[in-house]
Amino acid sequence: EKQLIMISPESSPQDERSYGIYTTASGLTCLLISDPSSDKASAAMDVRVGHLKDPEHIPGLTHF
């Protein structure tokens with residue numbers, strides 16, 4: 001069983017948010033940000049691919 005290792009990036013002493021970086025078993029690197037003053041949650045993904053990575057039989061897939 002693989003153990004989850006969290007890494008804390010450097011941030012400003014005035015920044016009240018907490019940060020964590022970890023990599024999933026499948027190799028996906030995640031940046032987690034917790035803001036105690038917020039009552040909302042969100043997610044974003046950067047996959048670093050463009051239209052040149054589209055399969056020929058499914059144009060537009062990389063922008064889905």
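Here is our chat about the model, which is a predicted one.

Colleague: Which residues form a nonpolar patch on the surface?

Modeller: Start with the segment after strand S2 (29-34), where Met 45 is found. Met 45 has a relative accessible area of 67%, so it counts as exposed, the cut-off being over 50%. Together the patch has about 300 Å² of accessible area, and its members are Met 45, Val 47 and Val 49.

Colleague: How far apart are the C-alpha atoms of Leu 28 and Val 47?

Modeller: Leu 28 sits in the loop between strand S1 (18-23) and S2. Leaving aside neighbours within four places in sequence, Leu 28 is in contact with Tyr 22 and Thr 23. Along the chain, Leu 28 and Val 47 are 19 residues apart, and their C-alpha atoms are separated by 9.7 Å.

Colleague: And is Leu 28 buried, exposed or partly exposed?

Modeller: Buried would need under 20% relative accessible area, and exposed over 50%. Leu 28 has 44%, so it falls in between and is partly exposed.

Colleague: Now the charges: which residue does Lys 40 form a salt bridge with?

Modeller: A search of the whole structure finds two salt bridges. One of them joins the side chains of Arg 17 and Asp 15, at 2.9 Å from N to O. Lys 40 is exposed, at 66% relative accessibility. Its closest N and O atoms with its partner are 3.4 Å apart, and that partner is Asp 39.

Notes. Residues numbered from 1 in each chain as written. Predicted model: local features only at pLDDT ≥ 70, side-chain atom pairs only at ≥ 80, totals over all residues. Heavy atoms only, no water. Patch = residues over 30% accessible without salt bridge, like charges linked within 9 Å, V, L, I, M, F, W, Y side chains within 5 Å. Areas by Shrake-Rupley, 256 points an atom, 1.4 Å probe, with all protein chains shown as cover. Salt bridge = Lys/Arg side-chain N within 4 Å of Asp/Glu carboxyl O. Helix = DSSP H or I, 4+ residues; strand = E, 2+ residues; numbered from the N terminus. Buried < 20%, exposed > 50% of the residue type's maximum accessible area, 1.4 Å probe, protein only. Contact = heavy atoms within 4.5 Å.
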